[in-house]
Amino acid sequence: MKFDLKVIVLLFFIVMVVFSSIFSNNRNASRHVAGVLIDMDDPFGLLTNATIKKSINEIEQFQNKKVLLEDVKLSSIETHLNKINGVEQAEVFLYPDGILGVSVRSRKPLFQVLDGENYFVDQYGVDIDNILKFKTEIPKYLGSMRQENKLEITKLFQCLLQDDFLSKELDWISEESGQYKMKMKSYPFEIFLGSNKNLRNKLGKLKVFCVYYTSKPRMKDYQEINLEYNNQVLVKNQNG
């Protein structure tokens with residue numbers, strides 16, 4: 001019985017491919033997670049690698065036991081990490097060498113709330129714990145933050161900080177019964193904004209007044225200026 005040489009060669013290659021695939025699968029099945037590599041985008045330093053690793057180990061004890069690559073549940077780890085306060089987005093993946101890669105982008109504080117608890121709020125109105133009690137140069141909100149006006153206050157900060165002048169000067173904002181006050185870093189007087197309406201007009205008057213104030217070095221006894229009224233700026237002196 002004669003066999004076609006081409007058929008024999010073809011069968012040989014098929015057998016080799018099958019065995020190679022089985023060998024590769026067995027080898028990969030026996031591979032374990034070789035470590036964890038964390039890439040953190042956190043300019044404020046509110047999160048630490050230790051915090052992320054601790055959260056990962058709540059699901060998989062990579063440091064205390066060997067975990068097979070095929071048993072790693074990437075989506076579960078991502079979901080767990082995204083629940084950490086201060087994390088905006090986390091992505092988890094595996095490198096070819098068996099390293100677990102973790103990419104974390106932190107939330108960016110828009111302002112800091114000083115009401116005894118000392119925490120941050122981002123542009124979406126989400127609270128960020130200040131566990132390490134960082135002192136930052138970002139604007140402050142003085143007083144207790146109420147949920148019913150939190151979104152309004154967040155939008156006010158966003159609006160003010162979009163202005164180039166105030167993005168460098170805004171020190172703090174306070175609110176009482178829907179009426180707002182603010183303070184700038186380079187000027188001693190407080191500023192009464194009143195409501196959050198007509199902000200563009202109010203900011204225009206504020207800038208003009210700051211130029212006027214800077215040009216009058218002897219006039220340094222202003223305690224408060226009022227921007228609530230149209231086409232005018234009311235001034236309150238320290239002497240009343």
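The model is predicted, with local features needing pLDDT of at least 70, side-chain atom pairs counting only at pLDDT 80 or more, and totals for chains, interfaces and linings using all residues. Residues are numbered from 1 along each chain as its sequence is written, and side-chain values use heavy atoms, leaving out hydrogens and water.

Trainee: How many of the five residues of strand β10 are buried?

Mentor: Strands are DSSP runs (E, at least two residues), numbered from the N terminus, and buried means under 20% relative accessible area with a 1.4 Å probe, protein chains only. Strand β10 covers residues 190–194 and is largely enclosed by the rest of the structure, because the buried residues number four.

Trainee: Which residue of β10 is the bridge partner of Met182?

Mentor: Two strands pair if DSSP finds at least two bridges between them. Strand β9 (residues 179–184) runs antiparallel to β10, with four bridges, and a hairpin of five residues joins the two. The partner of Met182 in β10 is Ile191.

Trainee: Which strands stand at the edges of the open sheet of three strands?

Mentor: This sheet has mixed pairing and the order β1-β3-β2. Each edge strand has a single partner strand, so one side is left without a neighbour in the sheet; these strands are β1 (35–41) and β2 (87–94).

Trainee: Which residue of β3 is the bridge partner of Asp39?

Mentor: Strand β3 (residues 99–106) runs parallel to β1, and seven bridges join them. In β3, the partner of Asp39 is Ser103.

Methods:
Buried < 20%, exposed > 50% of the residue type's maximum accessible area, 1.4 Å probe, protein only.
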